[in-house]
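Please read this briefing beside the sequence and the coordinates shown below. The points are grouped by topic.

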Amino acid sequence: MTNCNDCQQHRDSQRILPDWKRVFVNRQEFLKLLSLTLGGLISAVAVIPGFAFLVNYLFTHSGDKWIALGPKDKFKEGETVDVVFDDPAAQPWDGCSARRSVWLRRDENDKFTAFAITCTHLGCPVKWEAGPQLFMCPCHGGVYYNNGDVAGGPPPRPLRRYPIRIKDDVIEISVGQFLPET
Ligand code: FES
């Protein structure tokens, strides 16, 4: 038959939460409280950013937004130029990172292509070289043709392209998503 002392020890070992009356006089209860507190804090640090991102996304994401890049006649046929625009999803604390760029190419007449500036290898910004008509990536030597296809180096895919339209003779792109690869 178990004595009363054994019963108390058994109950103590089964308890998850500490015995609040004994927590400041009993080292075991104090350590239990400490480990629960630290575990809770670590869990909160891990979960809160993801939760904040989700809430921010749900309340600020309002579908694709079209961004005007300028009147179409501003761009010459056969030329590729860097156009800077303000990120529609920018937050007040984003600072200069809210300014984004796109490589805009006027292929012919009303045919435009808007390339993302980031290399499809590891995301470095690519640079347009008008002489050889190539996009060059300075990081690992990636090279793309003027239509965005890979010409050489490590990039696994062509440059990504934004949806583009002409509205009232103004070029607009949507930065919510990229066009599927062709
Ligand atoms: S990031 Fe462009 S080639 Fe590596």
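Among the contacts in the protein with a separation of 6 or more, 38% are between residues 24 or more positions apart. These values come from a predicted model, in which buried residues make up 13% of the 182 residues.

**Secondary structure**
- The protein has two helices and eleven strands, and from the N terminus on the elements run α-α-β-β-β-β-β-β-β-β-β-β-β.

**The four-stranded sheet**
- Four strands form an open sheet in the order β5-β6-β7-β8, and their pairing is antiparallel.
- The edges of this sheet are held by β5 (127–129) and β8 (150–152), each of which has a single partner strand, so one side of each is left without a neighbour in the sheet.
- From one strand to the next, the twist averages 35 degrees.
- Strand β7 (residues 143–145) pairs with β8 in the antiparallel sense over two bridges, and Y144 has V150 in β8 as its bridge partner.

**Background on pairing**
- Strands of a sheet pair through backbone hydrogen bonds, in either a parallel or an antiparallel manner.

How values were computed. Residues numbered from 1 in each chain as written. Predicted model: local features only at pLDDT ≥ 70, side-chain atom pairs only at ≥ 80, totals over all residues. Buried ≥ 20, exposed ≤ 12 C-beta atoms within 10 Å, placed from the backbone. Contact = placed C-beta atoms within 7 Å. Pairing = 2+ DSSP bridges. Axes fitted to C-alpha atoms, helices over the stretch in contact; angles between N-to-C directions.
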